Amino acid sequence: MTVCLLLLSAVALMAAWPVPRALTRASWPEQEPVVALWVWQCLVATVLLCCLTALTLGTAAVFHTVRTQVFAPAPPGVAEAYDLTTAPVWAATLTLLLACGAAWTTAMLARELIEARRRRGRARAHLRERAPDLPGGLPSGRGPLLVLEDEYPDAWWLPGSPPQLIVTTGALHRLTSHQLDAVLTHERGHARAHHDWLLHLSTALATGFPRVPLFAHFCDQTHRLVELAADDTASRRCGHLTTALALIELNQHRGVLSCANSHRLLGERVDRLLEPPPRLGRRHRALTTTVASLVPLLPLLITFAPGLTALT
């Protein structure tokens, strides 16, 4: 058990500290935001699996009842291979810390989901009061769309079941039909990919563990990469130039081309659309995705290695 806990701790520390720092310095995520989102999810899954499996082994070592339940289906030699009869003091301390971390993570996720549901409820109630019927000349086939009477040009999506696309009359007056199609395709890209769940997860982890680099970078990069991925969805349908012009028209009054920190992402998105970065090759993309998918298996292999060795 001691070896398993040490290996799980080493993998978790590697995935939580040096790897995310290196990933934030890489240039390829801007080229493939969808692949980059998958890599970040795999890293987070690796750390969470390391903590979960270490918590399971530590709890089994500390509590005889848990050990009996966990190893009940396994042959006697498997339980002996883990050497859970004696738990070092540091293992018991680690188990207690992991249990507290699991409870805190659950609380942060629950709080984030409850607050998000409240925000959606307030937003929907507000929209029901303000939104008129759809204008007769609006093109059809855009999915669930709500037009809000407001001279302020804006468009966004409201998560839910089903997700709701909202566009203001100011945006309808400012954008051409092709630009409007690009904006709505961008928002539909968010809805179809369920980006809201990724944003909730990253926000909850970053709020609960602000000093863990992986979770802090995961939150920052998720908010950035989901926008780049939605931009790619729109540009594939409507073209890079049309999408860039739609983004400029929709955000011109916000200072989209300024150097302020709050507007820097909008400026980067416009530059990226006007000068698209070179895409990764198909083999490179497939290799990156495959390797990232295998990384979360490391905690499982470490955990089950003693049992598999005993069976053979």
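Which helices do the buried residues of helix 1 pack against? In this predicted model, the partners are helix 2 (18–25), helix 4 (33–62), helix 7 (89–130), helix 11 (213–238) and helix 15 (297–311). The legends below take up the whole chain and then individual regions.

**View 1. The whole protein comprises 15 helices and three strands.** Taken along the principal axes, the C-alpha atoms fill a box of roughly 75 × 45 × 35 Å, and 43% of the 312 residues count as buried. Among contacts with a separation of 6 or more, 67% are made by residues 24 or more positions apart.

**View 2. Helix 1 spans residues 2–16 and has a buried side.** Its 15 residues reach 21 Å from the first C-alpha to the last, close to the 21 Å expected at 1.5 Å a residue. The buried residues of helix 1 are Cys 4, Leu 5, Leu 8, Val 11, Ala 12, Ala 15 and Ala 16. These residues are on the same side of helix 1 because they cover an arc of only 130 degrees around its axis. The exposed residues Val 3 and Leu 6, by contrast, are carried on the face turned away from that buried side.

View 3. Leu 175, which is 167 residues away along the chain, has its C-alpha atom 53 Å from that of Leu 8.

**View 4. Two segments carry the UniProt feature "transmembrane region", and one segment is listed there as "domain: Peptidase M48".** The unreviewed entry places the transmembrane feature at residues 37–63 and 286–308. Over residues 37–63 the chain is 96% helix and 0% strand, with the end C-alpha atoms 38 Å apart, while over residues 286–308 the chain is 91% helix and 0% strand, with the end C-alpha atoms 30 Å apart. For "domain: Peptidase M48", UniProt (unreviewed entry) lists residues 147–197, and over this stretch the chain is 51% helix and 22% strand, its end C-alpha atoms being 25 Å apart.

**View 5. The domain assignment gives domain 1 (1–25 + 36–130 + 297–311) and domain 2 (144–277).** Their centres, taken over C-alpha atoms, are separated by 33 Å, and the contact takes 29 residues from domain 1 and 34 residues from domain 2. Between them the two domains bury about 2600 Å², of which 77% is on carbon and sulfur atoms. Of the area that domain 1 buries against domain 2, 23% is supplied by Leu 37, Leu 127 and Arg 130, more than by any other three residues.

Conventions. Residues numbered from 1 in each chain as written. Predicted model: local features only at pLDDT ≥ 70, side-chain atom pairs only at ≥ 80, totals over all residues. Heavy atoms only, no water. Helix = DSSP H or I, 4+ residues; strand = E, 2+ residues; numbered from the N terminus. Expected span 1.5 Å × (residues − 1). Buried < 20%, exposed > 50% of the residue type's maximum accessible area, 1.4 Å probe, protein only. Arc of directions from axis to C-beta. Contact = heavy atoms within 4.5 Å. UniProt positions renumbered as here; feature names shortened; annotations may be inferred. Domains from an automatic or database assignment. Buried area = accessible area lost by both parts, 1.4 Å probe.
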